Amino acid sequence: MIDSTTQVRVARPSRDLAAVERFYVDGLGLSVLWRSTERVSGEHDLVMVGLPGGTWHFELTRDPEQPLEPTPTVDDLFVLYLGAPVDEAFVTRLEAAGGTRVPAHNPYWDEFGVTVADPDGYRLVLCARTWDA
């Protein structure tokens, strides 16, 4: 039932959808795949970001009627295996889009990459290594 084509959605609450959209779209280079366009009582506002045609995406949500405060830990990671050294200009772009460069909780990620917290505090790791499962 589950294989390499299975679609994956990671949903996270956000305190500011515009801020996290700016980080993931303007900073990281993802695309907006879908967003709620009108306020409907009882429903969440949301924006989905990812790569067109990809099998995964983030659903970033905000419930204005009963907001949840994001509660990321230092080990809640979204890791991208780049297979090349991390370009400092890329990190600068993420910071300009609202990210904050932070030391990794696990020193492995500092040895092989860079960790940037998004506006809600969730951590993106840009890893210079590759991953072969």
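**View 1. Contacts across the chain of the predicted model.** Among contacts (heavy atoms within 4.5 Å) between residues at least 6 apart in sequence, 57% join residues at least 24 apart. Buried residues (under 20% relative accessible area, with a 1.4 Å probe and protein chains only) account for 35% of the 133 residues in the chain. This is a predicted model, in which local features need pLDDT of at least 70 and side-chain atom pairs count only at pLDDT 80 or more, while totals for chains, interfaces and linings use all residues. Residues are numbered from 1 along each chain as its sequence is written, and side-chain values use heavy atoms, with hydrogens and water left out.

**View 2. Elements and extent of the chain.** The chain holds three helices and eight strands (DSSP runs: H or I of at least four residues for helices, E of at least two for strands). From the N terminus, their order is β-α-β-β-β-β-α-β-α-β-β. The C-alpha trace spans about 45 × 35 × 25 Å along its principal axes.

**View 3. Packing of helices H1 and H2.** Helix H1 (residues 17-27) packs against helix H2 (residues 88-96) at an angle of about 155°, their axes lying 8 Å apart (lines fitted to C-alpha atoms over the stretch in contact, with angles from 0 to 180 degrees between N-to-C directions). H1 is therefore roughly antiparallel (over 145 degrees) to H2.

**View 4. Residues at the contact of H1 with H2.** From H1, Phe23, Asp26 and Gly27 meet Phe90, Arg93 and Leu94 of H2. The residues of this contact comprise three nonpolar, one polar and two charged; Phe and Leu count as nonpolar, Asp and Arg as charged, and Gly as polar.

Conventions:
Angles under 35 degrees count as roughly parallel, over 145 as roughly antiparallel, 65 to 115 as roughly perpendicular and the rest as oblique. Buried means under 20% relative accessible area, exposed over 50%, partly exposed in between (1.4 Å probe, protein chains only).
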